[in-house]
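Let's take a walk through a protein together. Keep the picture open beside the text and find each spot as we come to it.

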Amino acid sequence: MIRDTKSSWLSTLRHDVPASLVVFLVAVPLSLGIAMASGAPLAAGLIAAAVGGLVGGALGGSAVQVSGPAAGLSLVVVDLVQTYGWRATCMITLLAGAVQLLLGMFKAARAALAVSPAVIHGMLAGVGVIIALAQLHVVLGGSSQRSAVANLIELPGQIADLHGHKVAVGLLTITVLALWTRLPKQIKVVPAPLAALFAAGMTAWWFNWDVSRVDLSGSITEWAFPVLPQGDWHLVVGAVLLVALLAGCESLLCCVAVDGLHGGRRADLDQELTGQGVANMVSGALGGLPVAGVIVRSTANVQAGARSRWSAMLHGAWVLMFALGFGWAIQLIPLEALAALLMFIGVQMVNLGHIRKVHGHGEVPVYVVTLVAVILLGLAEGVLAGLALAALLALRRLTWVTVLKREDRDGRLHVTISGSLTFLGVPRLTHELRTIPAGSAVDLDLNIDFMDNGAFEAIHSWRLDHERMGGTVDIDELHDEWYTLAASGVRMFPVKSPPKAPDRWWLPWAHRRRAVRPSAPVNDEAECLLTAGAREFHRRTAPLVRPIFTELARKQQPSHLFITCADSRIVPSLITASGPGDLFTVRNIGNLVPRRGSEPHDDSVVAAIEYATQVLGVHTITVCGHSGCGAMAGVLSGGVQAGSLPGLRRWLRHGDHSLARFIDTEGDRLHSGALDVLCRVNVQQQLENLRTYRKVDEQVRAGKLELVGLFFDIGSARVHMVPPLRSSLSVKMADRRVAAGEE
């Protein structure tokens, strides 16, 4: 226990204390700037930063997230201050914290993640544009207007009436912020906002420029309890919910993003929301801004090496100590420099990376509508507009039906319907189906995950009409049996993806749902199944693999020679997860490789070996046996089980060496697992037989060719490795053959 406590304190001193100092240096200028943009006392930003660190850091669900005043909430706060006054705004913050606390206690945090990220990113971008336009007026020496439109209209007149010193301070601040990221790492240890404000403040002081100054003297200790807002209580409740939800969503999304930046314990979102609620209650009571998790400070915390919540808590302590003991130093900072810092932050809130992400998911309209609505109408209105459009687009995607039609070479029309089939898609569906020529042969693939009664009636009615007019309709449901279940009268519940029997290409014909329609005589069932299978390949698989086979048509370049048994239960491509062009396959009874010069003479296998190794240049020869092999059962019986099959008896003589090795290792007593043991031994023996061919042995010795043994247990569907085991006698015999120059 003592050792663990000592280790924890050492880790805090080594990692969390330095990280807290870095975050503190980032937080002070940002907190002052956000308070200025919010129309609140500048001290309110420092109070929120201190409370966010001390309370939010201690009670939150993330070990490394840092909370404090957020730029995304400044637009709400400035409107509340202008409407209700500052002390009433603090009460709204306190009540919003209570709402967050209740939501966290009722485990509602996950619901916030249901908000489309495009809405959040668009909202932040809109807020960034508003902040940048408002603070641009301050940088130019004037004052910001009440709305973004007014700021934009007044901008030409503001540019015409420049104030030299104030503009110079703003330009100097922006220049330092823009160039700081390109400096060496040793210099970038100092956060860019701190460096920019320091440079602007010292330059203005040195040259005695006429600029406005920040003054915090006595403001931290001048405290009065918040008062209830006066006005329509419906609007007050709406304001409380708006602050609670926006601050909560921003904190939780930041929490999720920060989880991807470190390898420690994942955050508890409900605890995080509870901690944010308590922090907002304390911040509102003390006269601070609303608190939320902030991505800039949290990222800086992780990058600085923070390991625990001590970093966030200590950063809050440093902010509090600075505000109480060194508030006089802040009066060196020009207000125009803070405005320039805010303008720079506002521009950065229009993140091109976010635009690329939403563009990849087709959500740019949601982003743009939210951004424009926030700028023109307001924050709440913009968010609601974005949410409404996101819901409409989601509904459109859920109900969008895609109908693709193409004619096969045999004259059949292949139609694929994809999407979720609901009554909303029926007009488009019926329009597309009515364009199909009457009397045609149609293969209809339903690639859907839902079908309601309206969509079923549309398809079923069209099918009956089409067949009545002499056409044929062959329906194949690629995923779920919505149509089949509805046509059979089975009651379906309105949920997606009902339980279904599997229907995959690798299943035996007898296990598939879709019945084969006989097009051949009854006594020619195999031909019928093969013909139907080829037709299904042409319809479903050929279009997908045609580019691969077009490339393979020019040249084959397999990497493996695969020698396995002719047993129908062994599917090489399935058990090796290989595709066209990967395996050069040889199949025979018992996966045997006749030794060089053995009797009866057979060149079929050695011809494939020579072609694979000397022409195709394969890198691996694999011999794959399997459990319960009938050929090995015949070898084990001394050829008795071959019965009156002379060709099979002669062929199984190539397995005599496997039987001899089996007897040498297992003895002549048979046991229940003797057959599978012989199957494994046979794989090892065939690997030895391969090396009786000089070219193969030379390539193996040179490291150009690898011999691999596999054993497929049919009952458990598992593939096992079988190591090659060569006796010293066979090695010497092979060496002698190589020395004698035998082929």
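Predicted model: local features only at pLDDT ≥ 70, side-chain atom pairs only at ≥ 80, totals over all residues.

**Starting from the inside**

The largest nonpolar core in this protein has 99 residues, and the ones with the most contacts inside it are L32, L289 and L379. Helix α6, residues 117-139, gives the most to this core, with 12 residues. Apart from it you'll find another core, this one of 38 residues, including V593, L687, Y693 and F711.

Now zoom out for a moment. The protein holds 30 helices and 11 strands. Of its 743 residues, buried ones make up 47%.

Is Q135 buried or exposed? Its relative accessible area is 5%, and buried means under 20%, so Q135 counts as buried. Setting aside residues up to four places away in sequence, Q135 touches M36, A37, A339, L342 and M343.

Another case is N280, in helix α12, which covers residues 269-286. N280 is buried too, because its relative accessibility is 1%. Which residues does N280 contact, leaving aside neighbours within four places in sequence? They are T93, L94, G97, Q100, P290 and V291.

Next, let's watch two helices meet. The axes of α8 (residues 164-180) and α10 (residues 192-206) come within 9 Å and cross at roughly 150°. The crossing is right-handed. On the α8 side, the residues in contact are V169, L172, T173, V176, L177 and W180. Facing them from α10 are A192, P193, A195, A196, A199, A200, T203 and A204. Sort this contact by class and you get 12 nonpolar residues, two polar ones and no charged ones.

What about cysteines? The structure holds zero disulfides. For C255, the nearest cysteine sulfur is that of C254, 7.1 Å away. A disulfide needs the two sulfur atoms within 2.5 Å, so C255 is in no disulfide. C255 is also buried, at 0% relative accessibility. C679 is in no disulfide either, and its nearest cysteine sulfur, that of C629, is 5.1 Å away. With 2% relative accessibility, C679 counts as buried.

Most residues other than glycine have a negative phi, and most peptide bonds are trans. N208 has a positive phi, near 55°, and is not a glycine. You'll find N208 in the loop between α10 and α11 (233-259), where its relative accessible area of 66% makes it exposed. A717 has a positive phi of about 55° as well, although it is not a glycine. Its place is in the loop between β10 (706-713) and β11 (718-722), and A717 is exposed, with a relative accessible area of 55%. Last stop: E599 and P600 are joined by a cis peptide bond, with omega about -5°. P600 lies in the loop between β8 (583-588) and α24 (604-616).

Notes:
Residues numbered from 1 in each chain as written. Heavy atoms only, no water. Axes fitted to C-alpha atoms, helices over the stretch in contact; angles between N-to-C directions. Helix = DSSP H or I, 4+ residues; strand = E, 2+ residues; numbered from the N terminus. Left-handed = near helix turned anticlockwise from the far one by under 90°. Contact = heavy atoms within 4.5 Å. Nonpolar A, V, L, I, M, F, W, Y, C, P; charged D, E, K, R; others polar. Core = buried A, V, L, I, M, F, W, Y, C linked by side-chain atoms within 4.5 Å. Buried < 20%, exposed > 50% of the residue type's maximum accessible area, 1.4 Å probe, protein only.
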